[in-house]
Amino acid sequence: MPEQPTEEQKQQMAAEQEAVNNRVGRIKNRILVLSGKGGVGKSTVAASLATSLAEQGCKTGLLDVDIHGPSIPQLVGLTGLPPGLEGTGATEEELQPMRAADNLHVMSIGFLLENPEQAVIWRGPMKYNLIKQFLKDVAWGDLDYLVVDSPPGTGDEPLAVAQMLGSPSHALVVTTPQELSVSDVRRCVTFCRKVEVSLLGVVENMSGFICPHCGVETNIFDSGGGQSMAEKMNIPFLGKIPLDPHIVAAGDSGVPYSQAVAETPAKQSLETVTAKITTSLKA
Ligand code: ADP
């Protein structure tokens, strides 16, 4: 039998949840970016969405709670900088998010690791407490959007994030086109329904490769699996993002992809995804 919390522990938990509620209550739109498994481009899509929202003038936060693979700092060019408390009015008890661009502030477990290669071997309660701290103690201020890069899968960590973000929260599921990834998405969809997070839709990433020289499309990882699954499950399909080597190069060099390239099919698709999301949240 698990030990029941004492009255004092219950009061502390309620006070902490209230502090989280006060913090997230100042965020107009909370978007959780989910994927069935790692490596499908979840962080890339989260960073791109947050960057474009900020470029449109929306006050945006980008929170990386992908505890075992925090790649957001690298993707937005903030690697290696410690979180600073000084400057923008955070109190001693608050963690100050890092400024990545005008209107874009970021917090990540990656900032708190002494060495980026350090493996994070943490037990469940530590992960839960860290997620809570990121939602309770980070001085996000008033935001139009908070984009949360969730750990992959539908386990305890995404569950903790979804519960702490509370209602109304929204989710975006990133998949690749192969059947193997698509079946993971079904679990994400079920997860969203269970935790009462409204599903904005599915993004099919790494969907085909359009040759920059001849314009011919090759479906390296197949194409259309995410789209047909979205249709079958009656959930919105937000778009296909083709494979683009510039995405890898931009991520590796820490330059947001939208700023690293002029017009590419992948950039256009990512812009369409952002536009569909903002339209659906305004509706
Ligand atoms: P996840 O967060 O799902 O683990 P990442 O966003 O970290 O995945 O992406 C994994 C790798 O795939 C990164 O090197 C990223 O640059 C690359 N990548 C993501 N999307 C694309 C794409 N459409 N074309 C080419 N490379 C991509």
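**Group meeting: a loop, a ligand and a salt bridge**

Okay, let's start with Pro168, which you'll find in the loop between α6 (156–165) and β6 (170–175). Helices here are DSSP runs of H or I with at least four residues, strands are runs of E with at least two, and both are numbered from the N terminus. The peptide bond joining Ser167 to Pro168 is cis, with omega at about 0°.

Quick background: this is a predicted model, where local features need pLDDT of at least 70 and side-chain atom pairs count only at pLDDT 80 or more, while totals for chains, interfaces and linings use all residues. Residues are numbered from 1 along each chain as its sequence is written, and side-chain values use heavy atoms, with hydrogens and water left out.

Another loop to look at is the one between α7 (179–195) and β7, where Glu196 sits. Glu196 isn't a glycine, yet its phi is positive, near 55°.

Now, the ligand. Which residues come closest to the ligand? They're Gly39, Lys42, Ser43, Thr44 and Asn205, out of 16 that surround it (a residue counts if one of its heavy atoms lies within 4 Å). By type, that shell has seven nonpolar residues, seven polar and two charged; Gly goes with the polar ones, and charged means Asp, Glu, Lys and Arg.

Let's go through some polar contacts, meaning pairs of N or O atoms within 3.5 Å. Asn205 uses a polar side-chain atom, 2.9 Å from a ligand nitrogen. On its own the ligand would expose 560 Å², and the protein buries 80% of that (Shrake-Rupley, 1.4 Å probe). As for elements, α2 (42–55), β7 (198–210), β9 (237–243) and α9 (245–253) each give two or more residues to the shell.

In one of them, Asp142 meets Arg26 at 2.9 Å, N to O. Those two are 116 residues apart, so to speak from distant parts of the chain.

Definitions and conventions:
A polar contact is a pair of N or O atoms within 3.5 Å; within protein, one must be able to donate a hydrogen and the other to accept it, and residues adjacent in sequence count only if both atoms are side-chain atoms. A salt bridge is a side-chain nitrogen of Lys or Arg within 4 Å of a carboxyl oxygen of Asp or Glu.
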